[in-house]
Amino acid sequence: LHQMLPPYRIKVVEPIPFLSPQERRAALAEAGYNPFHLRADQITIDLLSDSGTGATSAAQEAAAALGDESYAGARSWFRFRDEVHDLTGYPHILPVHQGRAGERVLFTGLLKPGQLCLSNTHFDTTHANVKLAGAEPRDLPCPAAFDLDSPDPFKGNIDLDALTRTLTGPERDRVGLVLMTITNNGLGAQPVSMANLTAVRDLCRRHEVPFFLDAARFAENAWLVGQREPGYQDWTPRQIATHAFGLADGCVVSLKKDGLSAIGGLIGLRDDDLHARCEANLIATEGFSTYGGLAGHDLERLAQGLREVVEPGYLRARAASTARLARLINEAGVDTVQPAGIHALYLNAGRLLPHLSPQEFPGHALGCQLYLDGGIRCAELGSLYLGGMDDQHRLVTPAPFELVRLAIPRRVYTDTHLEYVAAVLADIAKEPGRVSGYRVVSSPPLLRHFKVRLAPI
Ligand code: F0G
């Protein structure tokens, strides 16, 4: 029976704010109806991101107290490096302050202008950094990913036929990198199977193209492989993760997720020349290669976090908590991308709010309603984020789906907090017609969702 319990209890807590409905209405108006502009002390339950938002453990904080802040060759660096080497097997490890810094350093060293970067799905900063390196990001998700309701266990996979066609077709000489995002954050937090990763490895070898992992949620992917893929039932999550890293030529990792820390990232590499290029860039822009923009205490928290994140008890409890929230939400009549992943749930706002056209941003409208009714903050993943707009900020190409992401910070909210989220959603689902749409008032040309301002229609 103990398997139903999270393997920890809570030692340090912080208060959460409760605003009145009037205060929330005023706060959202002040924020230009963009939750990114809300102040954290205006939010009761913050599901905007699972990145850097987790709780650390007593063991991590004890390790942090031992952080060695020497400029070069700090003890904390060696502890971090050894831990990462043991987990990933890569001979070269470079620390960076967060994932996107790793992307910039890696792509600058690896991609040439005009080249193609192929992926199951690029995360938004990854997409931006491929472009900044002068290359072209292209997503090749598997067809099952587009059926939001299908229970297919590995909807994070890349489309192997499309990958083969690109690697053998007229553009084959342009392909500079294949990057697999595990789990697939851009498409419903869905995992990638080991079979798919192995096939990608084989194709990349045959066509002499580098194969890297964007492994921000490597432990959660490993847990889902252990649960869903035949042949891995007797493997530990750590063994599965190590095997996945072993298939690739290297990795870039945001450690703000499965590093169980507020900040951090890394690049893992096998190739000596690429390592030398990346290291020079790292020293010039992030910091010396034994700290890469991180403090010694960060490196200590990360080294300990990387041990804790692959513990089966932790992963089982986290997966169960997300699955329970999905069940409550689905029972309340709100559909989520199936099957439930671990770090986030994706609400099908388009289906819940059929009275709103994509031009009225149903995903954004649902996100705003969750804040107005319950002080809950989350992120739209629909036409506001992905759609094409004209100069007057009018939507001209809608996104394929109107989704809202509820990201679940690690070890932060109890099942009671999540029951509250389901209850607020259930109230909305009883009377979805009262949710009204939004229009864009002003919008920046790049990474629109962070800075856009809107108004209710
Ligand atoms: N890759 C993936 C798959 C990510 O989800 C993220 C960040 C990054 C790279 C960039 O890492 O934030 O450390 O620079 N995802 C966060 C999110 C921001 O909310 O999904 P970073």
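## Elements and the ligand shell

Helices and strands are named here as DSSP runs numbered from the N terminus, with at least four residues (H or I) for a helix and at least two (E) for a strand. In this predicted model, helix 4 (99-110) and helix 5 (124-132) each supply at least two residues of the shell around the ligand. The shell holds 16 residues, of which Ser49, Gln98, Gly99, Arg100 and Ser254 come nearest to the ligand. Sorted by class, the residues of this shell are 3 nonpolar, 10 polar and 3 charged.

## The chain as a whole

The chain contains 17 helices and 16 strands, and its C-alpha atoms fill a box of roughly 60 × 55 × 45 Å along the principal axes. A compact globule of 457 residues would have a radius of gyration near 23 Å, and the chain, at 22 Å, therefore agrees with that expectation. Buried residues make up 49% of the 457 residues. Among the contacts with a separation of 6 or more, 70% are between residues 24 or more positions apart.

An unreviewed UniProt entry lists residues 46-423 as "domain: Aromatic amino acid beta-eliminating lyase/threonine aldolase". This span is 44% helix and 15% strand, and the C-alpha atoms at its ends lie 16 Å apart.

The chain is divided into domain 1, which is made of residues 2-50 together with 311-456, and domain 2, which covers residues 58-308. The centres of domain 1 and domain 2, taken over C-alpha atoms, are separated by 26 Å. Where the two meet, 20 residues from domain 1 and 24 residues from domain 2 take part in the contact.

On the side of domain 1 that touches domain 2, helix 12 (312-331) and strand 9 (344-348) each supply at least two residues. Helix 12 gives the largest share of that side, with 4 residues. By class, the side of domain 1 that touches domain 2 has 12 nonpolar, 4 polar and 4 charged residues.

## The annotated lysine

In an unreviewed entry, UniProt lists Lys257 as "modified residue: N6-(pyridoxal phosphate)lysine". Lys257 is found in the loop between strand 7 (250-254) and strand 8 (265-269). Because 30 other C-beta atoms lie within 10 Å, Lys257 is buried, the cut-off for that class being 20 or more. Not counting residues up to four places away in sequence, Lys257 touches Asp50, Ser51, Ala216, Arg217 and His343.

His207 is found in helix 7 (residues 194-207), and it counts as partly exposed because 16 C-beta neighbours lie inside 10 Å. Leaving aside neighbours within four places in sequence, His207 is in contact with Leu167 and Arg172. Asp173 is 34 residues from His207 along the chain, and the C-alpha atoms of His207 and Asp173 are separated by 9.6 Å.

Ser20 lies in the segment before helix 1 (21-30). With 9 other C-beta atoms within 10 Å, Ser20 is exposed. Ser20 and Leu425, which are 405 residues apart in sequence, are 18 Å apart in space from C-alpha to C-alpha.

Most residues other than glycine have a negative phi, and most peptide bonds are trans. Against that background, the peptide bond from Ile182 to Thr183 is cis, with omega near -15 degrees, and Thr183 has its place in the loop between strand 5 (175-181) and helix 7. A cis peptide bond also joins Gln338 and Pro339, with omega about -15 degrees, and Pro339 is found in the loop between helix 12 and strand 9.

His393 is not a glycine, yet it has a positive phi of about 60 degrees. His393 sits in the loop between strand 12 (388-389) and strand 13 (395-397), and it is partly exposed, with 15 other C-beta atoms within 10 Å. Arg411 likewise has a positive phi, near 65 degrees, in a residue other than glycine, and its place is in the loop between strand 14 (403-407) and helix 16 (415-430). Arg411 counts as buried, with 20 C-beta neighbours inside 10 Å.

Technical notes. Residues are numbered from 1 along each chain as its sequence is written. This is a predicted model: local features need pLDDT of at least 70, side-chain atom pairs count only at pLDDT 80 or more; totals for chains, interfaces and linings use all residues. A residue is near a molecule or strand if its C-beta atom, placed from the backbone, lies within 6 Å of it. Ala, Val, Leu, Ile, Met, Phe, Trp, Tyr, Cys and Pro count as nonpolar, Asp, Glu, Lys and Arg as charged, and the others, Gly among them, as polar. UniProt positions are given in the numbering used here, feature names are shortened, and annotations may be inferred rather than shown by experiment. The radius of gyration is taken over C-alpha atoms; the globule rule is 2.2 Å times the number of residues to the power 0.38. A residue is buried if 20 or more other C-beta atoms lie within 10 Å of its own, exposed if 12 or fewer, and partly exposed in between; C-beta atoms are placed from the backbone. Two residues are in contact if their C-beta atoms, placed from the backbone, lie within 7 Å. Domain bounds come from an automatic or database domain assignment.
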